[in-house]
Structures are given as structure tokens and as C-alpha cells.
Amino acid sequence: MAADSGYGAFLEKFVLGPSSSSPGLPLSSLTFAVKDIFDMEGLVTGFGNPDWARTHPVATSTAPSVLALLRGGATCIGKTVMDEMAYSINGENIHYGTPRNPCAPDRVPGGSSSGSAVAVGAKLADFSIGTDTGGSVRVPASYCGIFGFRPSHGAISTSGVTPLAQSFDTVGWFARDPIILGRVGRVLLNLPELAPVKPTQIIIAEDCFKLSSIPYNIVYQPVIKAVKKLCGGDLVKHEILGDYVGINVPSLKNFMTKENTDQVYNIPSLAALSSAMRLLQMYEFKNNHGEWVTTVKPNLGPGISERVSAVLRTTGDNTDICHSIKRELRDALNALLGDSGVVVIPTVPGPPPKLQTNTSDLEIFRAKAFSLLSIAGVSGFCQVSIPLGVYDDLPVSISLVARHGSDGFLLNLVEILYDNIKEEAAALLKASGNSDALV
């Protein structure tokens with residue numbers, strides 16, 4: 001087992017071998033780490049907070065997702081640090097320490113699956129699992145320069161996983177290369193081996209790239225060139241996604257506030273989508289954990305404390321509209337993509353923020369981030385974050401989003417495209433005067 005080497009990724013280390021030693025199993029010889037939100041028999045699930053760990057019993061069974069990986073032949077090497085109560089995308093934890101971003105030590109690793117991402121990015125484990133409700137796999141994958149997969153909502157059992165908000169909770173995973181990403185995904189999703197399906201269209205969400213501080217040619221040109229080389233240029237289409245969503249998701253008008261429409265840095269319909277997602281998430285979090293918070297009065301860190309306080313004041317007003325938005329968005333994106341289409345967006349609006357950045361200074365960045373993250377989050381679609389390399393010495397990524405239930409298609413597509421994407425990204429980064437080394 002690899003040493004932590006000062007990365008602070010692990011909360012607890014142990015070795016739990018596979019349930020079968022057969023060398024023919026799909027995950028044989030691979031090691032993995034588990035976010036401290038998954039039940040593991042004989043251990044307390046800590047949920048990122050010492051008061052939670054203190055007030056909850058030892059788990060009497062192991063989450064089915066963890067069992068599937070063990071049965072697939074992988075070896076678990078420990079539990080990883082996470083953001084408190086999974087309620088942040090930064091990755092900072094005042095109780096257990098902030099895992100060190102292996103790509104950028106002065107930057108946040110991303111959360112809430114911070115330790116799981118760092119364990120993979122620092123090569124301490126071959127892959128890891130986390131959860132993604134609002135972005136908690138996609139964000140740390142981007143910040144740590146690795147692959148991160150958020151599956152279709154409901155595709156993988158969340159039994160034995162401490163809930164954040166059931167309307168959005170998913171079990172996701174991290175890997176350093178697309179082959180292992182696919183092997184893990186096929187086990188978790190219980191997918192048969194199928195021949196790859198050629199995409200019918202690759203849609204570039206042009207307006208979404210305007211939210212990013214990274215030059216657009218660095219981010220989406222590698223994908224366009226790879227698709228044209230392998231599948232033909234006629235597949236590539238361009239869309240102003242915000243306009244399409246605004247027209248085809250009528251219930252969003254209820255969240256078109258002055259704040260969401262006036263500010264120059266956002267896309268109004270996607271900002272409204274983000275507001276709906278966060279409202280329903282807050283309401284479900286309150287139902288799940290409000291009584292515990294009120295009774296125990298846990299010690300919560302900066303940012304988390306304020307967020308949880310706001311949760312306790314949340315009412316059920318407009319949550320029915322949020323569910324309508326979820327249905328309308330899924331229908332609208334199904335119509336846009338067809339059977340085998342893909343939307344290309346930035347994973348996040350820029351490089352990882354610096355450690356201990358003031359919360360108020362992050363507000364614009366967070367608003368942009370959740371506008372992007374809410375597309376798959378609200379629709380329930382699957383999304384993969386793909387590392388492109390480094391720009392200005394900081395990791396850069398891009399995301400592909402496919403319709404609900406297309407997880408196997410998306411995993412296959414990444415495997416087919418990635419070598420060409422990597423090659424094109426390296427050339428563009430070199431031409432821009434940046435490092436062409438890929439993480």
C-alpha cells in the first residue's frame with residue numbers, strides 16, 4: 001500500500017482484500033479508496049465531521065457499491081477525508097485537514113470528495129469512489145487533473161451512503177486513465193461489454209465556455225479536432241444552451257430573479273437552474289439532517305456553518321416547481337441530444353481557487369460553477385470530466401454530458417477519443433506557451 005506522503009487524503013488506512021482472489025476478475029490487482037460517506041461494516045461512517053462520528057454507531061453492513069468493487073477483485077486501502085456533511089465543493093476541512101492538491105499545492109483540491117480525488121491524483125490508489133450531488137466528483141476531478149464520472153441519477157444504488165439530497169445524490173468515481181475509469185464503471189453499473197456506439201452529434205455549448213476564464217480554444221478545440229479526426233466533422237454542432245434551456249424549461253421563470261438575470265457573469269436560465277437545484281437540495285438536506293443539527297449543535301467550519309444555518313430556515317415553498325423543472329429539463333435535453341448525442345461544456349469556470357480564499361471572494365466563481373454543474377445535476381444525465389493538461393501551471397478539464405442511461409456509451413466514447421484529445425490538447429497548450437505535460 002502506498003504511503004500518504006503528506007497528501008492528507010486518508011482519514012483511516014486499512015487493507016480490505018477482494019471477496020475472491022480470481023485473477024480473471026475485472027478489477028483484479030487494482031487498489032481503491034472510499035469516501036467517508038459510505039458505510040463499511042465495523043467502521044463508523046464519519047460524514048466529514050467529528051460530532052457526526054461521535055453520535056452515530058458502527059455500520060453493521062457495507063454499502064452495495066463498495067461490495068461490488070470488492071467482488072470485482074479490487075482491494076480497498078482506506079477511507080478518505082471529505083468536506084463536512086458533503087456540503088461544499090472546496091475540499092477544505094478544519095477538523096481533519098485539507099487534502100493537498102497534487103497538481104497545485106497552494107490550491108483547494110475540490111470537494112466534497114476531496115480525499116478520494118487526491119488519493120488518485122497523487123497515485124496513492126488506482127481509483128476511488130465518492131459521491132456527487134451538486135458537483136462533488138466533477139469538481140475535485142477537474143481541480144486534481146484526473147477523470148471523474150457522475151453517473152445517471154439512480155443508476156447506482158445509494159444504499160449505505162449517507163444522503164445529502166436524494167433528488168441529486170449519485171455514487172461517482174475517479175481514475176487517472178479512461179481504461180480504468182471504464183472498468184470501474186462497468187462493475188458499478190453492472191454493464192455488459194458492448195461494442196462502442198458512434199455519437200450522432202457533438203454539441204458545443206458555446207455560451208457555457210464564456211463562463212470560463214480559460215481561453216475557449218484551449219478547452220474545446222481538442223475535443224472538436226479529435227471528433228473530426230475519428231468520427232467526421234459533420235457531427236460537430238454549436239448551441240447557445242442557455243437560450244435553448246430558457247425556451248424549453250418554462251417552469252424556470254419562477255427562478256428568474258433580478259439577481260439571476262442582471263449580472264453580466266452568468267447565463268440567466270442556467271443561473272435559475274442552479275437556484276432551483278440548490279433550493280431543493282437545501283430542503284432535502286434539512287429533512288435528512290436538520291433535527292440532528294438542531295439537537296447536537298455540531299462544530300462546523302467556515303462556509304459549511306453558514307450554509308447549514310441557511311438550510312434550517314428553508315421551507316418547502318416552490319419545491320414542487322423544482323421537480324417540474326427536473327422533468328422539463330430532462331425532456332428538453334433528450335430532444336436536443338437524441339439517442340447518442342453529447343453536450344460539451346467546461347467542468348468548472350476556471351482553475352482551482354487558492355486555499356483559504358475568503359468565501360465572499362468566491363461567490364462569483366461559485367455562481368458560475370453551479371450554473372455549469374446544474375445541467376447534469378438537475379437533468380439526472382451522466383457526465384465525465386476529462387483532464388486536458390495544465391494552463392498557467394494549473395489543471396484544465398472539459399466535460400461531456402450524455403442522456404440519462406447512456407453511461408456505458410459515454411465511458412466507451414471517452415476511451416475512444418481520449419488519446420486524440422490528449423494529443424490535440426498538448427499541441428494547443430504548447431502553442432500557447434504553456435506546459436504540454438498532461439497530468
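Is Asn 254 buried, exposed or partly exposed? Asn 254 is partly exposed, because its relative accessible area is 40%. Buried means under 20% relative accessible area, exposed over 50%, and partly exposed in between, with a 1.4 Å probe and protein chains only. Asn 254 sits in the loop between helix H9 (241-248) and helix H10 (258-262). Its C-alpha atom is separated by 55 Å from that of Pro 23, and the two residues are 231 apart along the chain.

This is a predicted model: local features need pLDDT of at least 70, side-chain atom pairs count only at pLDDT 80 or more, and totals for chains, interfaces and linings use all residues. Residues are numbered from 1 along each chain as its sequence is written, and side-chain values use heavy atoms, with hydrogens and water left out.

**The sheet**

Eleven strands form an open sheet with mixed pairing. Their order is E1-E3-E2-E4-E6-E5-E10-E11-E9-E7-E8. Helices (H or I, at least four residues) and strands (E, at least two) are DSSP runs, numbered from the N terminus. Two strands pair if DSSP finds at least two bridges between them. Strand E1 (10-16) and strand E8 (236-239) are the edge strands, and each pairs on one side only. On average, neighbouring strands of this sheet are turned by 25° against each other, direction ignored. Axes are lines fitted to C-alpha atoms, for helices over the stretch in contact, and angles run from 0 to 180 degrees between N-to-C directions.

Helix H15 (residues 407-431) packs on the sheet. H15 touches strand E5 (147-150), strand E6 (170-175), strand E9 (341-345), strand E10 (382-391) and strand E11 (394-402). Contact means heavy atoms within 4.5 Å. The direction of H15 makes about 15° with that of E10.

| Strands | Sense | Bridges | Bridge partners |
|---|---|---|---|
| E1 and E3 (residues 75-80) | antiparallel | four | Phe 10 and Thr 80 |
| E2 (residues 31-35) and E4 | parallel | three | Phe 32 and Phe 127 |
| E4 and E6 | antiparallel | six | Phe 127 and Ala 175 |

Strand E4 (residues 127-132) is largely enclosed by the rest of the structure, because six of its six residues are buried. Both faces of E4 are covered. Phe 127, Ile 129 and Thr 131 are buried on one side, and Ser 128, Gly 130 and Asp 132 on the other.

**Nonpolar cores**

A nonpolar core is a set of buried Ala, Val, Leu, Ile, Met, Phe, Trp, Tyr and Cys residues joined through side-chain atoms within 4.5 Å. The largest core has 80 residues. Trp 173 and Leu 400 touch the most other members. H15 gives the most to this core, with eleven residues. A second, separate core holds 45 residues, including Leu 241, Cys 322, Ala 332 and Leu 373.

**Aromatic contacts**

The structure holds eight aromatic pairs. Rings of Phe, Tyr and Trp (its six-membered ring) pair if their centres lie within 6.5 Å; planes under 30 degrees apart count as stacked, over 60 as edge-to-face and the rest as tilted.

The rings of Tyr 87 and Phe 285 have centres 4.7 Å apart and planes at 40°, so this pair is tilted. Tyr 87 lies in the loop between E3 and helix H3 (114-121), and Phe 285 in helix H11 (residues 268-296), so the pair ties together parts 198 residues apart in sequence. Both Tyr 87 and Phe 285 are buried.

Phe 147 and Tyr 418 form an edge-to-face pair, because their ring centres are 4.9 Å apart and their planes at 75°. Phe 147 is in strand E5 and Tyr 418 in helix H15, so to speak distant parts of the chain, 271 residues apart. Phe 147 counts as buried at 0% relative accessibility. Tyr 418 is also buried, with a relative accessible area of 7%.

Phe 47, Trp 52 and Trp 292 form one aromatic cluster. Arg 100 lies over the face of Tyr 7, at 4.3 Å from the ring centre. A charge sits over a ring if NZ of Lys or CZ of Arg is within 6 Å of the ring centre and within 35 degrees of the ring normal.

**Backbone exceptions**

Most residues other than glycine have a negative phi, and most peptide bonds are trans. The peptide bond from Gly 111 to Ser 112 is cis, with omega near 5°. Ser 112 is in the loop between E3 and H3. Met 85 is found in that loop between E3 and H3 as well. Phi of Met 85 is positive, near 55°. Met 85 counts as buried, at 0% relative accessibility. Lys 123 has a positive phi too, near 65°. Lys 123 is in the loop between H3 and E4. At 61% relative accessibility, Lys 123 counts as exposed.
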